[in-house]
Amino acid sequence: MQEIQNREQLEFYLEKHHIQDLFDTRDLPFRLYRYEVGEMMNILHPGQEYLKFIVEGSFDFYAIRADGVRDIFYHCKGFIFLGDLQFCGKDQGVRYQEVTQTVYAVELPMEPYRKQLRQDVKFLNFL
C-alpha cells in the first residue's frame, strides 16, 4: 500500500465518481492509496477504521473455511464502496480483500469524523 501524494489525481477520482457529492460535510480529508496485486487491502487499513471508495482495479473478497478452502464471495471490479457495515457497527468476521489488479482507493478515516458522519444526511442516505 502506498499513499499517492498527487492532489490532481485525487481530485480526478473525487470528481469522476462524484464522491464529495455523497456528503453534506465539507472539507473531509480524503486520501488516495494504491494497493498492488497480492496485497490485502483490509490489513493496514481495516474496514472498521476506514471508508473506502474503490475507484480503479479489482480484488477478491473472500473467507477461508475451516477446511482451508478459499470461499470467494465476490470478485470486485470498478467503483465499489467498502466500510458501510463497519460504520454501522456490524462485524463481518474474518474476511479478506486480496488485490487481483492494482487498486486505487479514495479513503477517509472514520475517526474522528464518525460523529459528523452520523449526522450527515446525504451520506446516511447513500448508505
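**Legends to the close-up views**

**View A. Residue E56 is partly exposed, with a relative accessible area of 35%.** On the scale used here, buried stands for under 20% relative accessible area, exposed for over 50%, and partly exposed for values in between (1.4 Å probe, protein chains only). The model shown is predicted: local features require pLDDT of at least 70, side-chain atom pairs count only at pLDDT 80 or more, and totals for chains, interfaces and linings use all residues. Residues are numbered from 1 along each chain as its sequence is written, and side-chain values rest on heavy atoms, with hydrogens and water left out. E56 belongs to strand β3; helices (H or I, at least four residues) and strands (E, at least two) are DSSP runs numbered from the N terminus. Leaving aside residues up to four places away in sequence, E56 touches Y13, T102, V103 and Y104, a contact being heavy atoms within 4.5 Å. E56 and T102 stand 46 residues apart along the chain, and their C-alpha atoms are separated by 7.6 Å.

**View B. Strands β3 (residues 50–64) and β4 (residues 70–77) run antiparallel and are joined by 7 bridges.** Two strands are said to pair if DSSP finds at least two bridges between them. Residue I64 has R70 of β4 as its bridge partner. The hairpin of β3 and β4 has 5 residues between the strands, and G68 in this hairpin takes a positive phi near 90°.

**View C. Residue Q97 is buried, with a relative accessible area of 7%.** Q97 is located in strand β6, which covers residues 96–109. The residues touched by Q97, not counting those up to four places away in sequence, are E39, M40, M41, N42, K52, F59, D60, F61 and L82.

**View D. The peptide bond from E111 to P112 is cis, with omega near 5°.** P112 is placed in the loop between β6 and α4, the latter covering residues 114–117.

View E. H18 is a residue other than glycine with a positive phi, near 55°. D27, which is not a glycine, has a positive phi of about 60°. H18 is classed as partly exposed because its relative accessibility is 49%, whereas D27 is classed as exposed because its relative accessibility is 77%.

**View F. The chain as a whole holds 5 helices and 6 strands.** Read from the N terminus, the elements follow the order β-α-β-α-β-β-β-α-β-α-α. The C-alpha atoms occupy a box of roughly 45 × 30 × 20 Å along the principal axes. Of the 127 residues, 42% are buried. Among contacts between residues at least 6 apart in sequence, 76% join residues at least 24 apart. The accessible surface comes to about 7,400 Å², with 48% belonging to carbon and sulfur atoms; areas come from the Shrake-Rupley method with a 1.4 Å probe, and for residues only the protein chains shown count as cover.
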